[in-house]
Amino acid sequence: VQLVESGGGLVQAGGSLRLSCAASGSTFSITTMAWYRQAPGNQRELVAAMSNGGRSTNYADSVKGRFTISRDNAKNTMYLQMNSLKPEDAAVYYCNAHGGAGWGEYDCWGQGTQVPVSS
């Protein structure tokens with residue numbers, strides 16, 4: 001599985017941005033997709049996750065009510081709609097796909113997309 005993020009860029013505090021993550025390869029094996037972020041000096045943290053069927057979602061407390069994770073299975077693309085952005089949301093955002101089973105279990109990462117937030 002290969003993942004390519006897009007949609008990052010400078011945004012003002014209070015603004016909105018939508019990130020995309022296009023998956024290719026053995027996408028049928030994906031069980032969970034997620035967005036993580038990492039700010040300078042901080043550990044990578046989970047932002048939002050979605051089960052493959054889209055029936056289950058999970059959000060970090062810091063983004064609940066502001067961010068929405070979604071996916072378009074026909075396009076093999078996952079999205080992160082970010083509203084009411086805050087300076088503390090500034091980070092590199094990474095797309096993650098988890099799948100397979102047993103010896104074939106994997107975690108796959110995209111290259112990351114930068115989201116600076118100006119105050």
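Of the 30 residues in the largest nonpolar core, which touch the most other members? They are M33, W35, L80, M82 and Y93.

## Basis of the model

This is a predicted model, in which local features need pLDDT of at least 70 and side-chain atom pairs count only at pLDDT 80 or more, while totals for chains, interfaces and linings use all residues. Residues are numbered from 1 along each chain as its sequence is written, and side-chain values use heavy atoms, with hydrogens and water left out.

## The nonpolar core

A nonpolar core is a set of buried Ala, Val, Leu, Ile, Met, Phe, Trp, Tyr and Cys residues joined through side-chain atoms within 4.5 Å. Buried means under 20% relative accessible area, exposed means over 50%, and partly exposed lies in between (1.4 Å probe, protein chains only). In general terms, nonpolar side chains tend to be buried together in soluble globular proteins.

The largest core has 30 residues, among them M33 and W35. Two or more residues of this core come from each of β3 (17-24), β4 (30-38), β5 (45-51), β7 (67-72), β8 (77-82), β9 (91-99) and β10 (106-109). Strands here are DSSP runs (E, at least two residues), and helices are runs of H or I with at least four residues; both are numbered from the N terminus. With neighbours within four places in sequence left aside, the contacts of M33 (heavy atoms within 4.5 Å) are L3, C21, A23, A48, A49, M50, I69, R71, M78, C95, N96 and A97.

Two strands count as paired if DSSP finds at least two bridges between them.

β7 and β8 run antiparallel and are joined by six bridges. Across this pairing, F67 is opposite M82 in β8, and R71 is opposite M78 in β8. The hairpin of β7 and β8 has four residues between the strands. N76, in the loop between them, has a positive phi near 50° although N76 is a residue other than glycine. N76 is partly exposed, at 34% relative accessibility.

## β9 and its partners

Eight of the nine residues of β9 are buried, which leaves the strand mostly covered. β9 pairs with β4 in the antiparallel sense over eight bridges, and V92 in β9 is the bridge partner of Q38. Three bridges join β9 to the antiparallel strand β11 (residues 113-115), where Q114 stands opposite V92.

The pairing of β9 with β10 is also antiparallel and has four bridges. Here H98 faces D107 in β10 as its opposite residue. Six residues lie between β9 and β10 in their hairpin, and G100 in the turn has a positive phi of about 75°.

One aromatic pair is found in a search of the whole structure. Y36 and W109 form this edge-to-face pair, at 4.9 Å centre to centre and 65° between the planes. Y36 belongs to β4 and W109 to β10, so the pair ties together parts that are 73 residues apart in sequence. Y36 is partly exposed at 23% relative accessibility, and W109 is partly exposed at 35%.

A charge sits over a ring if NZ of Lys or CZ of Arg is within 6 Å of the ring centre and within 35 degrees of the ring normal. R44 lies over the face of W109, 4.6 Å from the ring centre, and over the face of Y94, 3.7 Å from the ring centre.

## The loop between β8 and β9

S84 is in the loop between β8 and β9. Its phi is positive, about 50°, although S84 is not a glycine. S84 is partly exposed at 41% relative accessibility.

A90 is also in the loop between β8 and β9, and is partly exposed with a relative accessible area of 23%. Apart from residues up to four places away in sequence, A90 touches A39, V115, P116 and V117.

Notes
Phe/Tyr/Trp six-rings, centres within 6.5 Å; stacked < 30°, edge-to-face > 60°.
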